[in-house]
Amino acid sequence: MKKLIAVAVTAMLLLTGCGGGGASSEDAIEKYGSDTLKVYNWGEYIGESVISDFEKEFGVKVVYEVFDSNEMMYTKLQAGDAYDVLVPSDYMIERLMNEEMLQPLDLSLIPNISNLADGVKNLPYDPDNTYSIPYFWGSVGIVYNQNNVDAADLEAEGYNILKNEKYADKIYMYDSERDSFMVAFKALGYSMNTQNPDEIQAAYEWLMEQRKTMNPAYVADEVIDGMINGNKDMAVVYSGDAATILAENEEMGFFLPNEGTNLWSDAMVIPANAENPKLAHEFINYILTYEASMDNSETVGYASSNQEVLDELSGEGGYFEGNEAYLPRDGYDKDEVFEDNQVLKEQLTQLWIKVKAGGQ
Amino acid sequence: MKQFRNMAYPYIVWSVIMIVLPMLMILMYAFTQKGNDVLTFRFTIENFLKFFSDPIFLDVLRRSLWVALLTTVLCLLLGYPIAYIISQTSGRKKILLVMLITIPMWINMLVRTYAWVGILQDKGLINTLLGYIGIGPLPLIYTDFAVVLGMVYNFIPFMILQIYTSLSKMDKSYLEAASDLGANKVESFIKITLPLSLPGVISGITLVFLPAVSSFFIPKMLGGGQYVLIGNVIESQFLTSGNWNFGSAISLIMAIIIMISMYITKKVDKTGQKEGGR
C-alpha cells in the first residue's frame with residue numbers, strides 16, 4: 001500500500017512539475033527538435049533569473065557557459081565546440097562573418113526586433129541584422145574620484161590626463177591592447193582603426209612613456225572592485241562597469257573625453273555549426289522582451305538594446321537616473337567602432353606585451 | 001608476469017594521446033609559420049629568432065628565472081626549519097601540523113591568491129590597519145614583493161612536505177650512533193640529517209621551481225598586468241593574439257631550460273648522496 005501511495009505521489013509531482021508553468025520538454029522537442037540550448041556569453045553578463053525564466057517558459061534546458069575575451073571564445077569555437085547562441089563584440093562578429101562561421105538569422109522568428117533601441121540600429125558591421133541582434137552597447141571612458149581629481153584637468157587634458165604626473169601611481173589602465181591603444185590613438189588625435197605605421201609607433205611610445213612616468217596598474221575586471229573601494233583615483237573603464245561603480249560609490253564620476261571613444265556593441269549570433277538554431281532564435285527573441293532586457297540591464301549595468309528599458313532605467317525614478325555612465329553618447333563624430341583587422345591586431349598585441357614587460 | 005605486462009597497454013595508449021601527441025604538436029607549431037593559401041604552413045626558425053632578437057623578451061625570461069629562483073630559495077630557507085620541527089614532534093601534534101600545512105591546499109590556488117589581493121590592496125586589510133597607527137598607505141600590491149610573497153605562499157607546502165617525508169624516513173639510529181661517538185647536535189645535523197634529507201630538498205626544489213617559473217596568474221593578480229613573466233607572454237600568444245606558433249616556440253624554449261635545470265639538480269642530488277656516505 002505504501003508503495004502505491006509513493007508511486008501516486010511521484011506521478012502527481014511529475015504531472016504538476018510539467019503542467020505548472022510554461023511548456024514541457026516534450027512540447028519543446030516537438031517544436032524545436034531538441035530541448036537543450038547551449039549559450040556562450042561573457043562572464044557576469046546576464047540578469048539573475050533570465051535563464052531560469054526562459055527554461056520555465058519554454059520547457060527547455062539551457063547549458064550556459066561564459067568567456068573572458070572574444071579571442072578566448074574564438075579559440076574554443078575554432079576547436080570545434082558547438083554552441084547555439086554566442087554574444088561576441090562588433091569586430092569579432094565582423095571576423096566571424098568574413099570567415100563564414102555564422103548563419104543568417106530568420107528575422108520572422110524574432111518579432112521583438114521592433115524593440116531595438118535607436119542607438120543599436122544599422123550598426124556598421126551588420127546594418128540589416130542579417131547575422132546579429134544587439135545585446136548590450138556602450139563606450140569606454142574615465143572613471144575618476146571627484147574628491148581627488150580636478151574636473152578642470154579632465155576637461156582640459158582629455159585622455160592626456162592619464163599622463164599627468166600629479167596622478168602618478170593612482171591610475172588603472174585596462175589590460176587589453178584594444179582599449180589601451182584606443183586611449184593612446186585618441187589622445188594623439190588619430191583614428192583608433194589607423195594602419196599608419198608612424199601613428200602606431202607614436203601610440204606605442206605614448207603608452208611606454210605613460211608606463212614609465214605614471215606606474216599605472218594594468219587590470220581587467222578587478223577595476224570594478226578597485227574603484228568601488230577607492231583604491232585609485234582614475235581608471236579607464238567600460239561604460240557598463242562604470243555605471244556599476246558609480247551606483248556603488250558616490251565619490252566617483254564618469255568622463256567621456258572630447259577626443260572620442262570606442263562605441264562598441266555586443267550582439268547575439270548563431271554559429272554555423274549550431275545544433276539547435278530554432279530554439280536559438282526563440283532565445284534571441286526572448287532576450288529582447290521587456291522583462292529579460294530589464295533584468296539584464298539592471299543587474300549588469302550595461303546599456304540595454306531595448307529602447308523601453310533604456311528609457312525607463314535612465315529616466316526619472318529609474319535605477320540609473322543621473323548616472324552619467326549608463327547611457328552611451330550618441331552621434332558624436334569622433335567616436336568610432338572597431339573594425340576587424342587581423343594584421344593590426346596581431347601587431348598591437350605584440351606591442352602591448354612590450355609595453356607591459358618594458359620599463360621594469 | 002607477462003599477463004600483467006599486457007595490462008600496461010591502455011596506459012601507454014593514454015600517455016601517447018595525452019602527453020606525447022601534444023608535445024609533438026607544440027614542436028610542430030614551434031617550427032612552423034602560418035603560410036599562404038597554397039601551403040597552409042611552412043617550416044621556419046623565425047619564431048625562435050623573434051624571441052632571442054628582442055631584448056624585451058630576453059628581459060622577461062631573465063626576470064622569470066630570477067623570480068622563480070628567489071621563490072625557491074625562500075621556500076627552502078623557510079620550509080626546511082618547519083619540516084625539521086614537524087619531524088621532531090610526534091603523535092597527535094605531528095598529524096595536526098601536517099594537516100595545517102595541507103589544509104590550505106584543498107582550497108583552489110586562484111581563490112587563495114585572490115585573498116591576497118584583498119589583504120595587500122591600497123585600501124586593503126594591511127593598509128587599513130597601518131592607517132590606524134598613522135603609517136601608509138604603503139604600496140604593497142602590484143610590486144615584486146607581492147608577487148614573490150604570493151609564490152612563496154602558494155608553493156611552500158610542496159617544499160615542506162617533501163623535506164618532511166625524507167626527514168621522517170630517516171633511520172634515527174644513525175643519530176644515536178653519532179652521539180655515542182661524541183658528535184654534538186650541530187655536527188650530527190650537518191653530517192647526518194642534512195645529507196639524508198637532501199633527496200627531499202632536491203624534489204622540493206623541483207616541485208617549487210617548475211610551477212614558479214611558468215606561473216602566470218600569480219604575477220597577473222598580485223603584480224598587476226604590468227608584471228609580465230614568461231608564462232604571461234605564452235598565455236597572451238595563445239589567448240589574445242592567437243599566434244600559436246610563437247607561443248609554442250616560447251613554451252619549447254622554457255621546456256628546454258627546465259630540462260637543463262632538472263639535469264643539473266639530478267647531478268647535485270647524486271654527488272650529495274655520495275657525500276652522505278650511502
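Predicted model: local features only at pLDDT ≥ 70, side-chain atom pairs only at ≥ 80, totals over all residues.

Reader: What makes α7(A) roughly perpendicular to α8(A)?

Author: The axes of α7(A) and α8(A) come within 9 Å and cross at roughly 110°, and because the range for the term is 65 to 115 degrees, α7(A) is again called roughly perpendicular, here to α8(A). On the side of α7(A), the contact is made by A:Ser180, A:Phe181, A:Ala184, A:Phe185 and A:Ala187, and on the side of α8(A) by A:Ala203, A:Trp206 and A:Leu207. The residues of this contact divide into seven nonpolar, one polar and no charged.

Reader: How do you know that A:Ser191 is partly exposed?

Author: A residue is buried if 20 or more other C-beta atoms lie within 10 Å of its own and exposed if 12 or fewer do; A:Ser191 has 14, and is therefore partly exposed. A:Ser191 is found in the loop between α7 and α8 (197-214) of chain A. Leaving aside its neighbours within four places in sequence, A:Ser191 is in contact with A:Phe185 and A:Glu336.

Reader: What puts the buried residues of α3(A) on the same side of the helix?

Author: The buried residues of helix α3 (residues 50-58) of chain A are A:Val50, A:Phe54 and A:Phe58. They cover an arc of only 40° around the axis, and are therefore on the same side of α3(A). Among the elements that cover these buried residues are α2 (25-32), β2 (61-67), α11 (277-287) and α12 (290-300) of chain A. Just after α3(A), A:Gly59 takes a positive phi of about 65°.

Reader: Which parts of chain A belong to domain 1 and which to domain 2, and what gives the most to the side of domain 1 of chain A that touches domain 2 of chain A?

Author: Domain 1 of chain A takes in 2-135 + 265-314, whereas domain 2 takes in 140-262 + 330-357, and 32 Å separate the centres of the two domains, taken over C-alpha atoms. The contact between them takes eleven residues from domain 1 of chain A and ten residues from domain 2 of chain A. Helix α5 (residues 90-98) of chain A gives the most to the domain 1 side, with five residues, and the residues of that side divide into five nonpolar, three polar and three charged.

Reader: What makes up the side of chain A that touches chain B?

Author: The contact takes 21 residues from chain A and 19 residues from chain B. On the chain A side, α4 (70-78), β7 (217-219) and α14 each supply at least two residues, and the largest share, seven residues, comes from α14(A). The residues of this side of chain A divide into six nonpolar, nine polar and six charged.

How values were computed
Residues numbered from 1 in each chain as written. Chains lettered and ligands numbered in written order. Helix = DSSP H or I, 4+ residues; strand = E, 2+ residues; numbered from the N terminus. Contact = placed C-beta atoms within 7 Å. Domains from an automatic or database assignment. Nonpolar A, V, L, I, M, F, W, Y, C, P; charged D, E, K, R; others polar. Arc of directions from axis to C-beta. Axes fitted to C-alpha atoms, helices over the stretch in contact; angles between N-to-C directions. Parallel < 35°, antiparallel > 145°, perpendicular 65-115°, else oblique.
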